[in-house]
Amino acid sequence: MMQKVIERILNLLAFLLTVGRPVTAAEIRHTVKGYDQPSDEAFRRTFERDKDLLRSLGVPLEMRHTDMWEVELGYVVPSDDYGITDPGLTDEERSALLLAAQVVKFGGQATEIGAIFKLGGATPPSESGTIYADLGHDLDTLGSMYGAVTDRRFARFTYKQRDRVVEPYGLIHRNGHWYLVAPESGAPEPVKAFRVDRMTSLQIGDTPNMFARPAEFDVADTLQSLSADGGEDQHALVRFDTDVAAIAMSHVRDAVEVESDTDGVLVDIPITSERDLIGWMLGFDDRAVIEGPPGLRAAFVAFVKGPQ
């Protein structure tokens, strides 16, 4: 369902940006794919929701007269207000973005790479084989969660065999999982972290602006301060070459140097997902080695070797 909404919104935006003049709702209904609703009322409801969504995303959707006689009004997106300045990316930078778009997936679905070509195109890099970053979970659930966060709507779901009602403050991806950070009605804790893949029976409230998120709230800092799901992080011992150790530690909060010698720097790294750590380790090639625990080291070796 969410994918159809996204496709319809993109079709509408593309039409408004390319037509070059104000267009009426009737013309949109008969021209843009996705607006084939069976009744006038169904179209009106769908179109009103889509307009609100475009505006909430920062698209300057305006109404202007369609001709010089000023009899009829139509919709237009002023290109001067919506266009972006050319970022001046080099061929190498565009190729890097293209590679990132190709290897990142949501719930197993490839990321749309059309936007890269709007930045000037890029030379397709060589195939990356089976290595990719799967950002997990299904698009419908994540889309509903994102809408609840942006519109400040209540969310209801079952979590650990108990019904919860929360105020969705933020949605964030960490260590291979998506987390909803939110205060729960009737709970003593000021805010909690809920793993999205462990939720069931998700329902999003119909009414927007039902709560106020604190202005100083930071979802990343809040998640870091919580022990998500009440569990403790596992730890990995990784030995880095001396010249990359500082860079590696700067990317991992709470990483601790255990020892340093001629063989490199041994670092204690807190983790909550083996898959996430393995994917990150691949970027260091042979300049980092997992020394423990044995099970994690074995999982990494098995991943690199692939099916035998």
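Visitor: Why is strand β14 called largely enclosed by the rest of the structure?

Guide: This is a predicted model, in which local features need pLDDT of at least 70 and side-chain atom pairs pLDDT 80 or more, while totals for chains, interfaces and linings use all residues. Residues are numbered from 1 along each chain as its sequence is written, and side-chain values use heavy atoms, without hydrogens and water. Buried means under 20% relative accessible area, exposed over 50%, and partly exposed in between, with a 1.4 Å probe and protein chains only. Eight of the eight residues of β14 (residues 264-271) are buried, so the strand is largely enclosed. A strand here is a DSSP run of E with at least two residues, numbered from the N terminus.

Visitor: What makes β12 and β14 a pair?

Guide: Two strands pair if DSSP finds at least two bridges between them. Seven bridges join β12 (residues 234-240) to β14, and the two run antiparallel; L237 has D268 as its bridge partner in β14. Five bridges join β13 (residues 256-261) to β14, also antiparallel, with E257 opposite V267.

Visitor: Why is K192 called buried?

Guide: The relative accessible area of K192 is 16%, and the limit for buried is under 20%; K192 is therefore buried. K192 belongs to strand β10 (residues 192-195).

Visitor: How do you know whether L53 is buried, partly exposed or exposed?

Guide: L53 has a relative accessible area of 30%, which lies between 20% and 50%; L53 is therefore partly exposed.

Note on methods:
Helices (H or I, at least four residues) and strands (E, at least two) are DSSP runs, numbered from the N terminus.
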